[in-house]
Amino acid sequence: MKKLTLLFALALISFQLSAQQYNRRVMVEEFTQASCGPCASANPSFNATLFANADKVTPLKYQVWWPGFDPMYLHNTPDVDNRVAYYDVSGVPAGIESGSTEFYPGSYSAASIDAVYNSMTPVNIVVNHSFDAAYENVTVTVDVTSDDAISGNLRLRVAVAEREIVFATAPGSNGEKEFYDVMKKMLPSADGTETGDFAAGETKSYTFTWKMKNFYDLNEVEVVAWLQDDDTKGVWQSAISEPNASIPGGNFVSASVNAALASQITCDPVLAPAFILKNVGTDELTSATVSYWINNDPSATYDWSGSLMAGQSTAVTLPDVTFTDGGTNTLTIAITNTNNGAQINQVDAATEITVVALIDPTAPPVGDDFESGAFPAAGWGVKNEAGTGWTLSTAAGGYGASPSSARCNFYALTNGQTVSLYMPIVDLTSATGASMITWDHAHTYYSAPNYRDDRLILEVSTDCGATWDNLWDKIGDGLITAPPQTAVFVPNASQWVSDTVDVSNYNGSELMVRFRAVSGYGNMLYVDNINSSSVTSGTVALLPLSEFKVVPNPSSSNAQLRFNIDQPESIAMSVYNNLGVLVAQQHLGDLAAGMHTTQLESFNLPNGTYRVVLQGKQGVASIQWVVAK
C-alpha cells in the first residue's frame with residue numbers, strides 16, 4: 001500500500017512539473033508622463049533594468065494626462081484612461097508587475113524580475129505581427145496554450161506599441177527625449193478579449209487587424225500580448241513580437257489641418273476635406289500618395305502632384321467624402337509615400353479632422369440618459385480640445401438614480417478653452433405648443449485657489465450653426481450645486497439640479513442644440529438626462545397626468561399647482577413668462593403615484609401670462625397660469 005501511495009505521489013509530482021513548464025515572462029506596465037519630474041528621474045535606471053533583462057520582461061508604457069502636457073497621451077486617450085482606472089493609478093511614475101504587484105520604477109530590480117520569471121506557469125503565448133504592402137494595416141496573430149486546465153475571468157490583452165521614440169527636443173517639461181515601449185493601441189480595446197476557461201492542452205487562436213496611426217517610426221512597431229485574470233488582475237503569461245520592419249524612407253512631408261476645417265460642423269453629409277501639405281525634406285517634392293478615411297472605414301487614395309521645394313507648403317483639397325453616420329466622425333488624412341520614398345513618420349504626415357455631421361433631424365422626444373455605454377451616442381456630436389473635454393462618466397448619474405452621465409473635465413482644459421456637446425437636430429417643424437429642452441447637472445469649482453469661472457451655456461441654431469442664440473448661461477456660483485473642493489468632484493444624489501429651457505419660439509424649425517462648456521480651470525461638470533419634448537397644445541402633454549390644473553387661475557396671490565401622476569416619477573417644475581424667460585424653478589423630487597400639490601408664488605411676478613411646465617422621465621406637461629393682482 002505504501003508503495004502504491006508513493007508511486008501515486010511521484011506521478012502527481014511528475015504531472016505538475018509537466019503542466020508548469022514555462023517561465024513566466026514578466027509583464028511590466030508603467031504609467032509615466034513627459035512633464036513629470038519624478039518620471040525623468042526614475043526612468044533612466046528603470047529602462048536600464050528592463051534592457052538588461054529583455055529576455056525575461058514584456059514592457060509596456062502608458063503616457064498619462066497629468067501633471068502636464070504629453071503628446072503621446074493624445075494619441076490614444078481611451079485606452080490609457082481605461083488602464084489608469086483598471087489599476088486605480090493616482091500618481092506617476094507607477095509600475096505594475098504581472099498585474100498584481102505595485103512598484104516604484106526608480107527602484108525596480110533584476111531580483112524582482114527573476115522571482116516572477118522563475119514562478120512557472122502552464123500557459124504559453126506566441127504572438128506575431130505583419131504589415132500590408134502599403135504599411136497601412138498591421139495584422140496580429142496570437143496563440144494561447146495552457147498545458148493544464150485553468151479557469152477564471154480570463155482575458156487576452158493585446159497592445160501595439162512603439163519600441164523607441166527619440167525626440168530632437170523634449171515634448172514635455174521634464175526634459176525627457178527618449179521613450180520606450182509606448183502603447184499606441186490595444187486590440188480590440190483595453191477591455192481585451194474574453195477567452196473562457198482552458199482545458200488541459202488547449203490552444204486558442206486570435207487574429208486582429210488595425211489601421212495604424214500615430215507612429216513616429218513604423219520600423220519600431222512591436223506587439224505585446226498577455227493573459228490576465230480580471231478577478232485577481234494576475235497575469236498568467238505574456239509575450240512580445242519584436243519590431244520586424246525594414247522600411248526604407250524617412251520624414252519627407254508633414255500634413256496639418258486646414259484651419260477652416262479644424263473642427264467641422266455640417267448638416268450636409270457630403271464634404272470636401274482640405275489640408276496643408278508641407279515639404280519638410282531637403283529635395284523637391286513632386287508627388288505624394290494620400291490615404292484618407294472616415295472612422296474605421298476602408299481608406300481611399302488620392303495622388304497629389306506638383307512642385308514643392310524644401311520648406312514650401314500648399315493647400316490640398318480631396319474629393320468629396322460622404323458621412324453615412326450622423327454625429328461625431330473622425331476624418332483621417334495620411335501621406336503614405338512620396339517621390340522621395342516611404343513616409344515612415346505617421347505623426348507628422350497625418351492629420352485628423354473632427355466632423356460633427358448632424359444630418360438626421362429627429363422629432364421629439366430626443367434625448368440621452370448616457371446609460372448605453374456609447375459616447376457620444378449615435379447622432380450626437382462632441383467637439384473637444386485634443387481629446388479632452390466631454391467624456392462618459394461612470395462615477396455618477398443624475399440624482400443618484402443611475403451610474404452614468406456626460407462629464408466635462410474643466411481642470412484638464414486650459415482657462416478659456418471651449419468644448420461642446422451637440423444633440424441630434426431636433427425637428428420642431430410640426431410642434432405647435434410647448435417645446436422644451438431639459439437636463440440635470442451637478443458641478444462645483446476648485447477651491448484652492450478659487451477657480452470659480454467654469455461656465456455652461458445652452459445655445460440653439462436654426463441655420464446649421466452659422467449663428468447661435470444663447471438661451472441658458474450660468475457661471476461660477478450660479479452653476480455650482482455643491483460646496484467647492486480641491487478633490488475631484490463626484491456628486492452625491494442631493495447635489496444635482498434640474499434645468500429647463502423653453503424653445504417654443506423655435507417651433508416650425510429644425511433646431512440645432514449644443515451644450516457649450518467654457519473652462520475656468522475648475523473642477524468637474526456632470527450633465528445627465530438630456531431630453532427634448534414638444535406638445536401640440538398648452539394642456540396636452542407627453543407626461544401622463546390624470547389631473548393637471550392651477551387653482552385659482554387667474555390668481556391675485558399665490559396659487560396651487562395640482563397634478564395626478566399614474567406612476568412614480570422624478571418631477572421638476574419650471575415657470576416661464578410670455579417671452580420664454582425662466583422665472584422660477586424647483587425640483588420636486590421622486591414622487592409616488594397619486595395626487596400632488598405645490599405652491600406657485602406670484603409675489604415677485606408682474607401681471608401677465610405664464611407657462612408652468614412639469615418635466616419627468618416620460619415627458620413634459622405644460623399649462624397656462626394668469627397672474628392678475
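**Ground rules**

I'm working with a predicted model, so to speak: local features need pLDDT of at least 70, side-chain atom pairs count only at pLDDT 80 or more, and totals for chains, interfaces and linings use all residues. Residues are numbered from 1 along each chain as its sequence is written, and side-chain values use heavy atoms, with hydrogens and water left out.

**Disulfides**

I started with the cysteines. How many disulfides does the structure hold? I found two, taking a disulfide as a pair of cysteine sulfur atoms within 2.5 Å. In general, this is a covalent bond between the sulfur atoms of two cysteines.

One of them joins Cys36 to Cys39, with 2.3 Å from S to S. I read 85° about its S-S bond, which makes the Cys36 and Cys39 link right-handed. Buried or exposed? For burial I use relative accessible area: under 20% is buried, over 50% exposed, and partly exposed lies in between (1.4 Å probe, protein chains only). Cys36 comes out buried at 2%, and Cys39 is buried at 0%.

The other disulfide runs from Cys267 to Cys464, S to S 2.1 Å. This link is right-handed too, at 110° about the S-S bond. It ties together distant parts of the chain, 197 residues apart. Cys267 sits in the loop between β15 (263–266) and β16 (270–271), and Cys464 in the loop between β34 (455–461) and β35 (469–475). Strands here are DSSP runs of E with at least two residues, helices are runs of H or I with at least four, and both are numbered from the N terminus. Cys267 is partly exposed at 28% relative accessibility, and Cys464 is partly exposed at 29%.

With the bonded cysteines numbered in sequence order, I noted the pairing as 1-2, 3-4. I also looked up Cys408, which is buried at 0% relative accessibility.

**Helix α3**

Next I went to α3, residues 77–87. Which of its residues are buried? My list is Thr77, Asp79, Val80, Arg83, Val84, Tyr86 and Tyr87. Their cover includes β1 (26–32), β2 (57–63), β3 (94–97), β7 (154–166), β8 (178–187) and β11 (221–229); contact here means heavy atoms within 4.5 Å. After the helix comes Asp88, and I noted its positive phi, near 55°.

**A three-stranded sheet**

I then traced an open sheet of three strands in the order β5-β6-β10, paired antiparallel. Two strands count as paired if DSSP finds at least two bridges between them. β5 (123–131) and β10 (202–211) are the edge strands, each pairing on one side only. Neighbouring strands in this sheet are turned by 15° against each other on average, direction ignored. For such angles, axes are lines fitted to C-alpha atoms (for helices over the stretch in contact), and the angles run from 0 to 180 degrees between N-to-C directions.

Between β5 and β6 (137–146) I have nine bridges, antiparallel. Val127 has Val142 of β6 as its bridge partner.

**Strand β22**

Why call β22 (327–338) largely enclosed by the rest of the structure? Because nine of its 12 residues are buried.

I followed its partners in turn. β18 (285–294) joins β22 through seven antiparallel bridges, with Ile294 opposite Leu331. β24 (350–357) pairs with β22 over eight bridges, also in the antiparallel sense, and there Thr332 has Glu352 as its bridge partner. β22 and β23 make a hairpin with two residues between them.

**Second largest pocket**

Last entry: I looked up the second largest pocket, volume about 420 Å³. Lining it are 26 residues, and the closest to its centre are Asp440, Asn529, Ser570, Gly616 and Lys617. Elements giving two or more residues to the lining are β25 (366–368), β31 (435–443), β36 (497–502), β38 (524–534), β41 (569–576), β42 (582–591) and β44 (608–616). Which element gives the largest share? That is β38, with four residues.

On a 1 Å grid over the protein atoms alone, a pocket is an open set of points with protein on both sides within 12 Å along at least five of seven lines, and lining residues have an atom within 4 Å of a point. Points are joined across faces, edges and corners, and the volume is the space filled by probe spheres set on them, the probe being 1.4 Å.
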